[in-house]
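Below is a short note for a reader who has not seen this model before.

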There are 2 protein chains.
Amino acid sequence: MPATTSKYLTGDNAAINDFIDRFDVFLFDCDGVLWSGDHLFEGIVETLDFLRSKGKKVVFVTNNSTKSRQDYQKKLASLGIPSEIEEIFASAYSSAIYISRILKLPAGKNKVFVLGESGIESELAAEGVPFLGGTDPNLRRDITQDDFNQLADGSALDPEVGCVLAGLDFHVNYLKLSTAYQYLARGAEFLATNTDSTFPTAHGFFPGAGSVSVPLINMTGQQPTALGKPSQAMMDSIEGKFQLDRARTCMVGDRLNTDIQFGIEGGLGGTLAVLTGVCKKKDWEAEDAKFVPAYYADKLSDLRAAKP
Amino acid sequence: MPATTSKYLTGDNAAINDFIDRFDVFLFDCDGVLWSGDHLFEGIVETLDFLRSKGKKVVFVTNNSTKSRQDYQKKLASLGIPSEIEEIFASAYSSAIYISRILKLPAGKNKVFVLGESGIESELAAEGVPFLGGTDPNLRRDITQDDFNQLADGSALDPEVGCVLAGLDFHVNYLKLSTAYQYLARGAEFLATNTDSTFPTAHGFFPGAGSVSVPLINMTGQQPTALGKPSQAMMDSIEGKFQLDRARTCMVGDRLNTDIQFGIEGGLGGTLAVLTGVCKKKDWEAEDAKFVPAYYADKLSDLRAAKP
């Protein structure tokens, strides 16, 4: 049963030790937990090392769909966080393994039309999933009268496409949206790497993956299966990949309606909110709060205070 | 009070004569009423001439925002329908006069950032409304890191923009959506020429103006003021332009949830549904039907049968 009150860990070494002992796996949201924008929070590297040294598995869980796991490992390194590829779980990867291992498109209908960047393509390729669209330079252009005709009559479409995967696409345009729509109108499965409406950068908000898929939702009246937090399709993918015991897994995050919801709806043994990002204590103490973290701390590095 | 049953006109000359006598102005939806795709329905030109010969005012009301009234007059001519500019009311024109005559943006904050094509630009220019964006070739390109920085810090933005107008833009891209979002986030008024999710062509559906604005709705949580049918802002513009008597005006269309809704909510004296387009009799006879036309006919040219 989800918590209705939240246990405060900061400065309480006995509570921290008990918290750490309860879990084998920690799933980390990144922005707002480990860093903000380009600024790594103090003590993060040491805290992650501390958890690893106690035999805990750490997993970085991100909705950023533009990056493959390799790309994301480089980003972590550039911020000063050493990591293994196997510790990274991004929505592009989540989408690729959902398609290859769960969706299992039938032969002759197994190609994916991608709205997105190279991170998605890398992960699909690694899983052996055939795809088109994506970064194809032939689609980075204006729509023509021939396109209108050939999309409408289907002659510009690949009959083997059985799925449209929409992620964050910095090169989204009318031609790509029209093509994706035509595949959906012909019955293709509709997936989204994630549905975040905005893409936060160091200095401001830009259109997110959810703003790439929403015209298609609007046109078709269909909702995509989303593979990022808080979708449980992502949790299923994580469980399938790591064979984790949900009861001994804790989700750590800074947002109630993505991270904490993700952990609670996934039936994890615990959730930890940190106050270095979006949510504040008053958010889950509000009367209409839907998602209350089991634990909270001022900052992630407070866990290190328990080091013996 | 709106009708709960609908009077059938086809073949009933007395009813047709009574119908025609009740109105001075007929507002016509076009696609599905006058033509379908590129195919003009039989007897349309004669029916329009017949109405004009009886002293009726005819107005062509279209949500197509890519065309100025001049452009639309050419389209009508290409289909064989003679018309005057003053008989045409398109959502680009509706938007321009809403901005210039109703919104009245204050000096220093009176520029419009446009997502759309040249039809919108022509109508804004004709009303003396300063604008940017639109067909500007400088925005038809990929977003760069400089754009990210300068949009977020505002240095790439024109401080005089007080309004974002989103219409159908065949050249929509990430840079334009990001720019429009930044203006909205800074308090610009949010207008949409219309919110049709799809753009019907002769052979199929493509993204409509509503699919250009929906990412911005998704990002900001704001709904735009829409200037196309069924928005009453368009009816107010039509009334302001033609000084019509709503009680002696009839809306003619083929869609219940745009055309007929538009006429009923506008308090017009009547609505006429024709069965040459989207809606069928069973649609308004359904128990949950919201908008019942006061009259219906198999086709518009049935009105000519009453010619004495």
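1. A:Cys279 is in no disulfide, and the nearest cysteine sulfur, that of A:Cys250, lies 13 Å away. A:Cys279 counts as buried, at 3% relative accessibility; A:Cys163 counts as buried too, at 0%. Here buried means under 20% relative accessible area, exposed over 50%, and partly exposed in between (1.4 Å probe, protein chains only).

2. Basis of the values. This is a predicted model, in which local features need pLDDT of at least 70 and side-chain atom pairs count only at pLDDT 80 or more, while totals for chains, interfaces and linings use all residues. Residues are numbered from 1 along each chain as its sequence is written, chains are lettered from A and ligands numbered from 1 in the order in which they are written, and side-chain values use heavy atoms, with hydrogens and water left out.

3. Chain A as a whole. Chain A has 11 helices and 16 strands; helices (H or I, at least four residues) and strands (E, at least two) are DSSP runs, numbered from the N terminus. Its radius of gyration is 20 Å, close to the 19 Å that the globule rule gives for 308 residues, so chain A is as compact as a globular protein of that length. The radius is taken over C-alpha atoms, and the rule is 2.2 Å times the number of residues to the power 0.38. The C-alpha trace spans about 70 × 40 × 35 Å along the principal axes. Of the 308 residues in chain A, 58% are buried. Among contacts (heavy atoms within 4.5 Å) with a separation of 6 or more, 70% in chain A join residues 24 or more positions apart.

4. The five-stranded sheet. In chain A, an open sheet of 5 strands runs in the order E8-E7-E9-E10-E13, with parallel pairing. Its edge strands are E8 (131-133) and E13 (225-226), each pairing on one side only. Two strands pair if DSSP finds at least two bridges between them. E10(A) (residues 189-192) is joined to E13(A) by 2 bridges, and A:Leu191 stands opposite A:Thr225 in E13(A).

5. Strand E15 of chain A. How many residues of E15(A) are buried? In this strand (residues 270-274), 5 of 5 are buried. In a regular strand the side chains alternate between the two faces of the sheet. In E15(A), A:Gly270, A:Leu272 and A:Val274 point one way, A:Thr271 and A:Ala273 the other way.

6. Neighbours of E15(A). Strand E14(A) (residues 249-253) pairs with E15(A) in the parallel sense over 4 bridges, and A:Thr271 is the bridge partner of A:Met251. With helix H10(A) (residues 256-265), these two strands make a right-handed β-α-β unit; right-handed means that, with the strands pointing away from the viewer, the path from the first strand over the helix to the second runs clockwise. E15(A) also pairs with E16(A) (residues 295-297), again in the parallel sense, over 3 bridges. There A:Ala273 stands opposite A:Tyr296.

7. The seven-stranded sheet, seen in chain B. The 7 strands form an open sheet in the order E1-E16-E15-E14-E2-E5-E6, and the pairing is parallel. E1(B) (7-8) and E6(B) (88-90) are the edge strands, each pairing on one side only. E1(B) is joined to E16(B) (residues 295-297) by 2 bridges, with B:Tyr296 as the bridge partner of B:Tyr8.

8. Helix H10 of chain B. Of the 10 residues of H10(B) (residues 256-265), 7 are buried, so the helix is largely enclosed by the rest of the structure. Among the buried ones are B:Leu256, B:Ile260 and B:Phe262. Their cover includes H9 (232-242), E14 (249-253), E15 (270-274) and H11 (281-285) of chain B. Just after the helix, B:Gly267 takes a positive phi of about 65 degrees.

Note on methods:
Disulfide = S-S within 2.5 Å.
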